[in-house]
Amino acid sequence: MSTKNLFLFLLVWSVSCHCQVLRKKTTLLMGGRFDITIVAQDSATAKENIDAVVAEITRIEHLISDWKPTSQISEVNQNAGIRPVKVDKEVFELTQRALEFSRITKGAFDISFAAMDRIWKFDGSMTEMPTAEAIKKSVEKVGYQNILLDSVQSTIFLKVKGMKIGFGALGEGYATDKCRAMMLAKGIPAGIINGSGDMSTWGTQPNGKPWNIGITNPFRPEKIMAVVPLRQEAVTTSGSYEKYVVFDGKRYSHIINPATGYPATGLCSVTVFGPNAETANGLSTSLMVLGHQQGLLLLEKFADYSCIMITDNGKVIRSKNFKKKLKAKL
């Protein structure tokens, strides 16, 4: 499993009316782009709350980013095979949820994917597939079964030296959800927190209309496949159309199955809708790995979440519980 491609766009038709203003800021956080949109009574209030969102995302980043050597997760990774590491309750509970998601998906999602050797290259430099031996070796330190959590001591222990955990597939979604909750608690009527395509939305645009989210056509990236109206909801997309390789006529996604070391095949885009972005993110990545049949079976365990999948040959598949009215045009 590697960092996913996400193709969601916010379409804002109105910037001010009904005595409300909409303000937006784009910044780099958690190794990616965040677009923060806030609706408030005046510009000063909007700016103040955008700054509060940036501060909150930065706080979370310093707790869970495995590429920051001083984070709690980095300390956990540095002590793999050595000792348990005590972490904050927030970090422990996020890890606990990610571990449970790893179990539910039977490793299609795996929090320990960070230990995977990067033997697949999607920059045009690969001329042949890695050997079966190399692929097997690349995931030998991946395995959620080797993560021990102690809820009494609030510790995380990775049993195998060289193991790593990471939140590349959940962190942005978690951060957007936390910021939405913070804004709602402060009485901010509406907004969108978009972390590299993981979106948490609430309220409506200043003109009273829902937020409109555009989903990119994976076969024509310059075009939007569908526009979806959202109110208080989250949406994430995982896809492979920008990063993939083709061998013997078969397309291999940059999203790697952490259980096997082989790239996902069959789907080029999965968009998941639901109450929170953290879960939607984990689901969209897992569905890419599992493929549409097994993916839809997994989604049945999450009644509040629905999806649109697009296969490599252009077939559009909706989950049974997908209720939104839209026309997907490829």
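Modeller: In this predicted model, Ser 319 lies in the segment that follows strand E17, whose residues are 316–318.

Colleague: Is Ser 319 buried or exposed?

Modeller: The general idea is that a residue counts as buried when its relative accessible area is under 20%. Ser 319 has a relative accessible area of 7%, so it is buried.

Colleague: Which residues does the side chain of Ser 319 reach through polar contacts, and at what distances?

Modeller: The side chain of Ser 319 reaches the backbone nitrogen of Cys 307 at 3.0 Å, and a polar contact of 2.8 Å joins it to the side chain of Asn 321. If neighbours within four places in sequence are set aside, Ser 319 is in contact with Leu 296, Leu 299, Ser 306 and Cys 307.

Colleague: Turning to strand E12, how should I read its two faces?

Modeller: In a regular strand the side chains alternate between the two faces of the sheet. In strand E12, Ala 234, Thr 236 and Ser 238 lie on one side, Val 235, Thr 237 and Gly 239 lie on the other, and all of these are buried. Because six of the six residues of E12 (residues 234–239) are buried, the strand is largely enclosed by the rest of the structure.

Colleague: Which strands pair with E12, and in what sense?

Modeller: Strand E9, residues 198–202, pairs with E12 in the antiparallel sense over two bridges, and here Ser 200 stands opposite Ala 234 of E12. Strand E15, residues 267–274, also runs antiparallel to E12 and is joined to it by six bridges, with Val 270 of E15 standing opposite Ser 238.

Notes
Residues numbered from 1 in each chain as written. Predicted model: local features only at pLDDT ≥ 70, side-chain atom pairs only at ≥ 80, totals over all residues. Heavy atoms only, no water. Helix = DSSP H or I, 4+ residues; strand = E, 2+ residues; numbered from the N terminus. Buried < 20%, exposed > 50% of the residue type's maximum accessible area, 1.4 Å probe, protein only. Polar contact = N/O pair within 3.5 Å; in protein donor to acceptor, adjacent residues only side chain to side chain. Contact = heavy atoms within 4.5 Å. Pairing = 2+ DSSP bridges.
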